[in-house]
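Thank you for making time for this.

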Amino acid sequence: MVQTLTVLGLESSCDDTAAAVVRQTDGEEAEVLSSIVHGQTELHSAYGGVVPEIAARAHAEKLDICVVQALEDAGLTLADMNAIAVTAGPGLIGGVMSGVMCAKGISAATGLPLIGVNHLAGHALTPRLTDGVAFPYLMLLVSGGHCQYLIAHGPEQFTRLGGTIDDAPGEAFDKTARLLGLPQPGGPSVEAEARQGDAKRFRFPRPLLDRPGCDLSFSGLKTALMRMRDQIVAEKGGLTRQDRADLCAGFQQAVVDTLAEKTRRAMDMYLAKTPSDPVIAVAGGVAANSAIRTALETVCVEKGTRFTAPPLALCTDNAAMIAYAGMERFRTGARDGLDLTARPRWPLDQTSPAMLGSGKKGAKA
């Protein structure tokens, strides 16, 4: 019997408040009926980064508005939904709690099944939403807080091949922007400056390329840029616009080269498993960087592997990916009760050792 599912998704893990409606009929491509995202850039601009308490309050104020807008844009009501999916972690705990509590309220009032979704799974499953990619595929999840190479075997089955041992690329871009007096979010700002710069003027390190494996590190790269900035300021009394552009270009090229080489290694590990239709997908906010995309596409040509990346609007945090990931869980029979808890940490690969340490809240990644 052919089944059509329509799912409402909520996302509030960081500084984007989002709601979306996704529908899929068995055997057909999923369709994003609506996707609403309210950003918080202006709220945090004076602080040089996301302030968790401010973010949580903004989520609480905007979530119901986003839900109403998403339903109106889709031309549907809550009565037309089969389930409600919500990011239950990982993320800033205040924001995650706001989303979970909103979803619980809707579930309790309507009787809709509640599906808790791992935010990282939302990104990792986006290629199936946008391109219908079949399992298993290689996934590079590269965002502000995370960077991992994963083999996606199923909606909740992931094998981590490697990842960052400290800063994620997006975090390094944000810190670089702050060091150079550029506006947040740092990724787009640094990329825009880099277009005007000379990537060969400053030679920054390519971290961990001298070691085997797919693990990454970007903290030292950010420190190297800070030292170069200080050296220029000491010698010249300040930075010119060209200095700043060249620093951005050199930094971005170091990130690009590092990701390209680590991707080659991850692809070799993935291809050794002889998938019938090899695919590498990239998702997450940093996947919007055109230089990184171009480099990864080049690696795919070298390896004879298909490359796919979501549209830019679905690379950054959004609720369409949460609705779809929830739909994938729903089809397997997964349901969560009103005791669903918000989780600040929630690794996708539950079997591999923690990369970033752990504590009372659990492993970071």
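This is a predicted model: local features need pLDDT of at least 70, side-chain atom pairs count only at pLDDT 80 or more; totals for chains, interfaces and linings use all residues.

Let me begin with the largest pocket, which holds about 1600 Å³ of space. There are 46 residues lining this pocket, and those closest to its centre are Cys14, Ser143, Gly144, Gly145 and Asp174. If you look for the elements that give two or more residues to this lining, you will find helix H1 (41-44), helix H5 (169-179) and helix H6 (186-194), with H5 providing the largest share, namely six residues. By residue class, the lining of the largest pocket divides into 13 nonpolar, 21 polar and 12 charged residues.

Cys14, one of the residues closest to the centre of that pocket, deserves a moment of its own. Cys14 sits in the loop between strand S1 (4-11) and strand S2 (16-25), and it counts as partly exposed because its relative accessibility is 26%. Setting aside residues up to four places away in sequence, Cys14 touches Val50, Ala55, His59, Leu92 and Asp317. The C-alpha atoms of Cys14 and Gly95 are separated by 6.3 Å, although these two residues are 81 residues apart along the chain.

The second largest pocket has a volume of about 270 Å³. Its lining is made of 19 residues, and nearest its centre lie Gly116, Asn118, Glu156, Arg329 and Trp346. Strand S5 (114-118), helix H4 (119-131) and helix H10 (320-331) each supply at least two residues of that lining, the largest share being the three residues from S5. Here the lining divides into 11 nonpolar, four polar and four charged residues.

Next, a residue in a loop: Asp198 lies between H6 and helix H7 (219-236), and with a relative accessibility of 39% it counts as partly exposed. Leaving out its neighbours within four places in sequence, Asp198 is in contact with Gln242, Asp246 and Ala249.

Now to strand S7 (residues 147-154), which is largely enclosed by the rest of the structure, since seven of its eight residues are buried. Strand S6 (residues 137-142) pairs with S7 in the antiparallel sense over six bridges, and a hairpin of four residues joins S6 to S7. Within that pairing, Val142 has Cys147 in S7 as its bridge partner. S7 also runs antiparallel to strand S8 (residues 157-163), to which six bridges join it, and this second hairpin has two residues between S7 and S8. There, Leu150 stands opposite Arg160 in S8.

I will finish with the cysteines, and with a question: how many disulfides does a search of the whole structure find? The search finds zero. Cys214, for instance, is in no disulfide, the nearest cysteine sulfur being that of Cys147, 11 Å away. For Cys248, the closest cysteine sulfur is again in Cys147, but it is 19 Å away, which is too far for a bond. Cys214 counts as buried because its relative accessibility is 2%, and Cys248 counts as buried as well, at 0%.

Notes: Residues are numbered from 1 along each chain as its sequence is written. Side-chain values use heavy atoms; hydrogens and water are left out. A disulfide is a pair of cysteine sulfur atoms within 2.5 Å. Buried means under 20% relative accessible area, exposed over 50%, partly exposed in between (1.4 Å probe, protein chains only). On a 1 Å grid over the protein atoms alone, a cavity is a set of points where a 1.4 Å probe fits but cannot get out, and a pocket is an open set with protein on both sides within 12 Å along at least five of seven lines; lining residues have an atom within 4 Å of a point. Grid points are joined across faces, edges and corners, and a volume is the space filled by probe spheres set on the points. Ala, Val, Leu, Ile, Met, Phe, Trp, Tyr, Cys and Pro count as nonpolar, Asp, Glu, Lys and Arg as charged, and the others, Gly among them, as polar. Contact means heavy atoms within 4.5 Å. Two strands pair if DSSP finds at least two bridges between them.
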